[in-house]
Amino acid sequence: MNTRFLGDLAVSALGLGCMPMSSHYGPSEDANSTATLEQALALGITFWDTAAVYGHGHNEELLAPLVARQRDRIVLATKFGIDKDGSLDGSPAATRRSIDESLARLGVDHVDLWYLHRVDPATPIEETVGAMAEAVEAGKVRHLGLSEASAESLRRAHAVHPITALQSEWSLWTRDLEPEVLPVARQLGIGIVPYSPLGRGMLTGALTGRDSLDEGDRRLQTPRFSEENFDHNRHLVTVLEEVGAGLGYTAGQVALAWVLAQGDDVVPIPGTRSVPHLEENAAAVDIRLSDGDLARIEAAMAAVQGGRYPGEHRYGDSPPLRQ
Ligand SMILES: NC(=O)c1ccc[n+]([C@@H]2O[C@H](COP(=O)([O-])OP(=O)(O)OC[C@H]3O[C@@H](n4cnc5c(N)ncnc54)[C@H](OP(=O)(O)O)[C@@H]3O)[C@@H](O)[C@H]2O)c1
């Protein structure tokens, strides 16, 4: 696996999103998840993404045994700032408490990258990042990041303490960060970690209808997976299947290759709890799409219908979300 850099933090060119191992996308089995983590290590996918809120601590605890055995190989990233009820809390007190709780669940004395999961509108970003910086000084955290932050928040945060990475949704069907946020991140030398690079699974083509999702799957509550929009959006993915078929790749690999092609400072973290899916995704790092293919899939996916989250949602500095 190649190496890429988020600021001065070296990471595997593809990371692993661990959220589906504990929440959001239907039931998961720890044995499958652990096998996926083991295989990620074998493939050199060592940049692991978790969060305090995923499974309300379950996800961090799930990672702990492997991390304990391979601490030096794993670049461990976690996030804080979303409470169990979905409310945001970036207050200095919550920030200080959160890092100790995450370290305890992960069974480590430090994490490599610690993100604010969502900017808390009730707390000036300077105060949150100031408290995050204390954790760096204390040796509990090596690098700081923000998730879904606006350009202004990035600038204000970076003025308090260097920000290494911005984790935000970025894929062929979610390109909101490109006009304003991306140029500022690049100007400041902040690396980009695209989340949901597979469009929460839709861009793989594996989902054939709403009935392929479990009853409790959060995607059923989102506009892009609604009765009204699912079939339209699924149909758009046929262009990824066509481009992939001509080259011997899957739709999901084409989707990941597009994200990887956006720059060497871009490190996507596709989520999976499946060894075969992990292996398929890992192979995408070697794919180079032609300019013609890139333009073709961008044009087709621009027709996406529906918002990415339920209800009103604007990019960056978001109002409270249900996680
Ligand atoms: N900062 C934030 O606010 C935020 C928000 C959302 C996510 N994230 C992070 O970003 C990571 C990735 O995002 P995501 O998990 O939401 O979405 P994603 O990576 O776009 O898609 C994950 C979904 O695709 C499926 N999948 C993965 N590889 C596949 C393949 N090769 N073929 C068929 N299906 C495949 C997974 O199911 P299987 O498990 O069956 O493979 C899962 O349901 C998360 O895991 C999490 O760590 C962060």
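Helices (H or I, at least four residues) and strands (E, at least two) are DSSP runs, numbered from the N terminus. This is a predicted model, in which local features need pLDDT of at least 70, side-chain atom pairs count only at pLDDT 80 or more, and totals for chains, interfaces and linings use all residues. Residues are numbered from 1 along each chain as its sequence is written, and side-chain values use heavy atoms, with hydrogens and water left out. Helix α3 (residues 92-106) gives the most to the lining of the second largest pocket, while helix α10 (residues 275-282) gives the most to the shell around the ligand.

**Ligand surroundings**
- There are 31 residues around the ligand, and Y25, D49, L198, T272 and H277 come nearest; a residue is near if one of its heavy atoms lies within 4 Å of the molecule.
- The shell around the ligand comprises eleven nonpolar, 13 polar and seven charged residues, where Ala, Val, Leu, Ile, Met, Phe, Trp, Tyr, Cys and Pro count as nonpolar, Asp, Glu, Lys and Arg as charged, and the others, Gly among them, as polar.
- A polar backbone atom of L198 is 2.7 Å from an oxygen atom of the ligand.
- For G17, a backbone N or O atom lies 3.4 Å from an oxygen atom of the ligand, and for P197 a backbone N or O atom lies 3.4 Å from an oxygen atom of the ligand.
- The protein buries 95% of the 890 Å² that the ligand exposes when taken alone (Shrake-Rupley method, 1.4 Å probe).

**Pockets**
- A pocket is, on a 1 Å grid over the protein atoms alone, an open set of points with protein on both sides within 12 Å along at least five of seven lines, and its lining residues have an atom within 4 Å of a point.
- The ligand takes up the space of the largest pocket, which holds about 960 Å³.
- The largest pocket has 44 lining residues, with P20, Y25, R200, G201 and R219 nearest its centre.
- This lining divides into 15 nonpolar, 18 polar and eleven charged residues.
- The second largest pocket holds about 300 Å³ of space.
- Its lining has 15 residues, of which A52, I82, D83, E101 and R105 are the closest to its centre.
- Helix α3 supplies five residues to that lining.

**Cavity**
- A cavity is a set of grid points where a 1.4 Å probe fits but cannot get out, and the whole structure has one of 30 Å³ or more.
- Residues lining the largest cavity include L14, I45, T272 and N281.
- The cavity lining has six nonpolar, three polar and no charged residues, and α10 gives the most to it, with three residues.

Technical notes:
Polar contact = N/O pair within 3.5 Å; in protein donor to acceptor, adjacent residues only side chain to side chain. Sits in = over half its atoms within 2 Å of the grid points. Points joined across faces, edges and corners; volume = space filled by probe spheres on them.
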